[in-house]
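Reader: I would like to learn how to read a structure like this one, feature by feature. Could you take me through it slowly, giving the general idea before the particular case?

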Amino acid sequence: MIEFVQDAGGTKLRQRVDLLRESLRRVPGNPEFRRALCRALLELGDAPGAVAATEGFTADRELATLRIAAQLKLGETDAALVAAWSLHATAPDEPQAGRTLLDALKVAGLTRERSRAAAGMAWLAEHPRYRLGILAADVELGEAMPADLLACCDEILGQSTGHVQATYYRAIALALLGRDDEASETLALDRHLTIGELAADLPALAAEIRANPTLLADPGLNSTAHGRQTLQLLQPGDSAIPALLAGVEAAVRDYAAERAGQGDPLSASMPARARLRSWAVVLGAEGHQNPHLHPGGWLSGVFYVTAPRTDRYHGVLRVGPVGRILPGDPPWGVREIEPVPGRLVLFPSWTPHATEPPGVPGERIVIAFDVIRLDAS
């Protein structure tokens, strides 16, 4: 049984921010307080606040990295790149500075530059989890072999069963090597994808989401295109959303109970304690999700609140598609799921998925979520 740890609307985190700000008013030069404040603000999604908290303190390397992370979230990519190159120049052998530069290059879409920068970072040899992303990009560019990617994935999975990115890229590597059955079994799509229904007050859910003050146009740093997404789903006074999330937690417990003790990577990595990280997405006629997965979760899912309809509901969920790294259809296939209001879809967080634009007037409103493990992986 998964125990869900509650923190309605990030209340504890906001209280921590208030406490840290008060501490800094008394001791403004304390670097530990300032670092902790920046980390908490970033976790809350307050990137402008995190940037402001670093003003005048960027000589501190950790604060410099936090400022760069906040700039990337704000879409200030050019400024973040300049700062990341400068930070790396001052500490070329330091993993933190190297990761910051590689992250900035990734967000900027400078794949080849990222690969060249990584080639000079000796510390990557001891960090297979971070090396994985570099190898995957190099495989897509034709500058690394799928067998090397597979070896890296197996190294990570030997240390951490069910690691999301390693599981996903293991399936990709096996497919590129022509080992289609093994690739399909790695994702186990048919075994772990479930589609159900969840009772909820759909009009009230839609109203609470539309009124959410953090429902903002996406800056392009995740998979949402031409849509809006909440930074903080739960707001004071909401009632339909908390009720829906309680139903999601119950559905996740049922899902976990059905798979407990099966001996496969999903059951072996099942958390004992977890929290539900959730957000809402509102998409119009051209809004869609590009192919992606959820690296931070164990299980992920989506609940449909509204969807435009003519003869059918428009804007299907496509489960299984990948990007350019794997030409053609993947060996595990692609499942298309109609976005019926009230429908709940659950799948392991390593599962790639995307959506089609509805192409017709009207809003498609969803609540998406990850089950985040709180015990050791």
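Reader: To begin with the strands, in which sense do strand β3 and β4 pair, and over how many bridges?

Author: Please keep in mind throughout that this is a predicted model. Strand β3 (residues 215–217) pairs with β4 in the antiparallel sense, over 3 bridges, and the bridge partner of L215 is T230 in β4. Strand β4 (residues 224–230) also pairs with strand β5 (residues 273–289), again in the antiparallel sense, over 5 bridges, where A225 of β4 has H288 of β5 as its bridge partner.

Reader: Why is strand β9 described as largely enclosed by the rest of the structure?

Author: In strand β9 (residues 343–348), 6 of the 6 residues are buried, so the strand is largely enclosed by the rest of the structure. R343, V345 and F347 point one way from β9, while L344, L346 and P348 point the other way, and all of them are buried. Strand β2 (residues 194–197) runs antiparallel to β9 and is joined to it by 4 bridges, with I195 opposite V345. β6 pairs with β9 over 5 bridges, also in the antiparallel sense, and there F303 has L344 as its bridge partner.

Reader: Turning to helices, how many of the residues of α8 are buried, and what covers them?

Author: An α-helix has 3.6 residues a turn, so residues three or four places apart point the same way. In helix α8 (residues 128–140), 10 of the 13 residues are buried, so this helix is largely enclosed by the rest of the structure. The buried residues include Y130, L132, I134 and L135, together with the charged residues R131 and D138. Their cover includes α6 (95–107), α7 (111–119), α9 (146–159) and α10 (164–176). As a check on the length, 13 residues at 1.5 Å a residue should span 18 Å, and the end C-alpha atoms of α8 are 18 Å apart, which agrees. After α8 comes G142, whose phi is positive, near 80°.

Reader: Which residues have the most contacts inside the largest nonpolar core?

Author: That core has 76 residues, and those with the most contacts inside it are L149, Y169, W298, W332 and I367. Apart from it lies another core, of 20 residues, including A84, L87, L101 and L124. Beyond its neighbours within four places in sequence, W298 is in contact with several residues, among them I2, Y255, L266, M270 and V371.

Reader: How should I read the aromatic pairs, and how many are there?

Author: A pair of aromatic rings is described by the distance of the centres and the angle of the planes. The count comes to 3 aromatic pairs. Y168 and Y169 form one that is edge-to-face, at 4.9 Å centre to centre with 65° between the planes, and both residues are buried. Y255 and W298 form another edge-to-face pair, at 6.5 Å centre to centre with 85° between the planes. This pair links distant parts of the chain, since Y255 is in helix α14 (residues 240–259) and W298 is in the loop between β5 and β6 (299–306), 43 residues apart. Both Y255 and W298 are buried.

Technical notes. Residues are numbered from 1 along each chain as its sequence is written. This is a predicted model: local features need pLDDT of at least 70, side-chain atom pairs count only at pLDDT 80 or more; totals for chains, interfaces and linings use all residues. Side-chain values use heavy atoms; hydrogens and water are left out. A nonpolar core is a set of buried Ala, Val, Leu, Ile, Met, Phe, Trp, Tyr and Cys residues joined through side-chain atoms within 4.5 Å. Buried means under 20% relative accessible area, exposed over 50%, partly exposed in between (1.4 Å probe, protein chains only). Contact means heavy atoms within 4.5 Å. Helices (H or I, at least four residues) and strands (E, at least two) are DSSP runs, numbered from the N terminus. The expected span of a helix is 1.5 Å times one less than its number of residues. Two strands pair if DSSP finds at least two bridges between them. Rings of Phe, Tyr and Trp (its six-membered ring) pair if their centres lie within 6.5 Å; planes under 30 degrees apart count as stacked, over 60 as edge-to-face and the rest as tilted.
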